[in-house]
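Please examine the sequence and the model shown here before reading on.

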Amino acid sequence: MSDETKSELPATTEDEENTILDVVTDLTLDSTIPAPIRRNALKAFDRLCSALIDVPVGALERRSAEKRSESEARIRIREEITAQIVQQVKVDPEYALKAGHKFAEKIIREQLNLDKISAIAANELKNSESNNPTDPDTSEPNKEQSTDSTNQDINSGEEKTIDDYWLNIFATEARPVSTEEMQHRFGRVLAGEIEKPESYSIKAVKLLGELDQKTAALFKRLCSACVVFGFFRIPNSEHIIDAGVLSLGGSAGSNALSKYGLGFGQLNLLNEYDLIISNYNSWFKCNLYLLGGGKRAFLPFEHQGKYWNLLPLSEQENDLELKLSGVVLSRVGRELFRIVDQDPMPEYTEDLRKFFAEQNLNMIEVNIP
């Protein structure tokens, strides 16, 4: 067989499993990753990944042997139970064999889903740490960078461990997830929880598992239009104060946002999933602060993955507080906001600029180091 023919052959499931194994084990053995994160990752992947996975660490060889023994024991038990069922219900052994095969296929598919999600989480963690390099010996951030909350926990000795019950719920919700987009979302949630336990509530995990394709697409549209007020540039641990879609002077409950695909019916659907709060005309509060040189600006906000400031267009004294109304994300919605890839919404962004201009404010993009 020629090399050209070989390259055209599809990858086997075994090849895919080996790739997943490489990604997961590379992370758990990477000394540049802070030790607490590696410990959480090892705990999560040991729980979620296939029993066929052996982590090549001497201290874990016994655990790998135990997992293989458990797998073999389950096979023997299943065979015995199948034989007992055949005797008790008096069905054709061939029928029982086919049912067992179907069950085995389901288990294998679900396990492969968990393995893929684990690999995505490992890549997310690897990319996160490459953007925020640390000293491999001390697991402390470079002095030139801001200290994130994860490293604050490390330095203060208050290391948090990913919760066993959380992992159980996560595994239950993630097993049936077979679409690539949803696997990436679950992978990001897992990575965030490994890096900073208690970032994602159990309710958020369950809700993510319940989202159908239509609702997920609608939530993505909502997130793409969101204006986010919070503490920025604290790597991997942004604290969102408020997040939502401004109704631009109208009433969201009266279809003011329908031109952006966020009409009253769509908002009701998001509310049913507890992704937004039930009052579609909630208030955002934004305070003025002193820039320097006597100039004032409002606290920066995030929109479309960029940071913006609102600067008064005239020298007149503005109110110290700006009140804005719109649709506000719930606590669960804020948790899931960070795992959503946003789509461009140039029409809404331009209307947002015009709305602020009517308030005598100039919306300008800023760089926050």
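In this predicted model, helix α8 meets helix α9 through Met 182, Arg 185, Phe 186 and Val 189 on the α8 side and Val 205, Leu 208 and Gly 209 on the α9 side. Sorted by class, this contact comprises 5 nonpolar, 1 polar and 1 charged residues. Helix α8 covers residues 180–195 and helix α9 covers residues 202–210; their axes come within 11 Å and cross at roughly 175°. An angle over 145 degrees counts as roughly antiparallel, and α8 and α9 are therefore roughly antiparallel to each other.

From α3, the residues Ile 37, Asn 40, Ala 41, Ala 44, Phe 45 and Leu 48 take part, and they meet Leu 190, Ile 194 and Glu 195 of α8. The residues of this contact divide into 7 nonpolar, 1 polar and 1 charged.

A third pair shows another arrangement. How are helices α10 and α11 oriented relative to each other? The axes of α10 (213–225) and α11 (residues 264–272) are 10 Å apart, and the angle between them is about 110°. Angles from 65 to 115 degrees count as roughly perpendicular, and α10 and α11 are therefore roughly perpendicular to each other. Lys 214, Thr 215, Leu 218, Phe 219 and Leu 222 of α10 make the contact with Gln 266, Leu 269 and Leu 270 of α11. By class, these residues comprise 5 nonpolar, 2 polar and 1 charged.

The next topic is the interior. In soluble globular proteins, nonpolar side chains tend to be buried together. In this model, the largest nonpolar core has 80 residues, and Phe 45, Phe 170, Leu 190 and Phe 356 touch the most other members. Phe 356, for its part, touches Leu 246, Phe 301, Leu 310, Leu 322, Leu 324, Leu 361 and Met 363, leaving aside residues up to four places away in sequence. Over the protein chain, 41% of the 369 residues count as buried.

Beyond residues up to four places away in sequence, Ile 276 touches Leu 222, Leu 267, Leu 270, Asn 271, Val 327, Val 328, Leu 329 and Ser 330. Among these, Leu 222 and Leu 270 also belong to the contact of α10 with α11. The C-alpha atoms of Ile 276 and Arg 334 are separated by 9.0 Å, although the two residues are 58 residues apart along the chain.

Asp 212 lies in the loop between α9 and α10 and is partly exposed, with a relative accessible area of 36%. Its C-alpha atom is separated by 9.9 Å from that of Met 182, 30 residues apart along the chain. Asn 360, in the loop between α13 (346–358) and β8 (361–366), is likewise partly exposed, at 27% relative accessibility. The phi angle of Asn 360 is near 65°, a positive value in a residue other than glycine. Leu 248, in the loop between β2 (239–246) and α11, also has a positive phi, near 60°.

Finally, consider the chain as a whole. The protein chain has 13 helices and 8 strands. Of its contacts with a separation of 6 or more, 73% join residues 24 or more positions apart. The pLDDT, which expresses the predictor's confidence, averages 76 over the chain, and 64% of the residues score at least 70.

Conventions. Residues are numbered from 1 along each chain as its sequence is written. Side-chain values use heavy atoms; hydrogens and water are left out. Axes are lines fitted to C-alpha atoms, for helices over the stretch in contact, and angles run from 0 to 180 degrees between N-to-C directions. Helices (H or I, at least four residues) and strands (E, at least two) are DSSP runs, numbered from the N terminus. Angles under 35 degrees count as roughly parallel, over 145 as roughly antiparallel, 65 to 115 as roughly perpendicular and the rest as oblique. Contact means heavy atoms within 4.5 Å. Ala, Val, Leu, Ile, Met, Phe, Trp, Tyr, Cys and Pro count as nonpolar, Asp, Glu, Lys and Arg as charged, and the others, Gly among them, as polar. A nonpolar core is a set of buried Ala, Val, Leu, Ile, Met, Phe, Trp, Tyr and Cys residues joined through side-chain atoms within 4.5 Å. Buried means under 20% relative accessible area, exposed over 50%, partly exposed in between (1.4 Å probe, protein chains only). pLDDT is the predictor's confidence in each residue, from 0 to 100.
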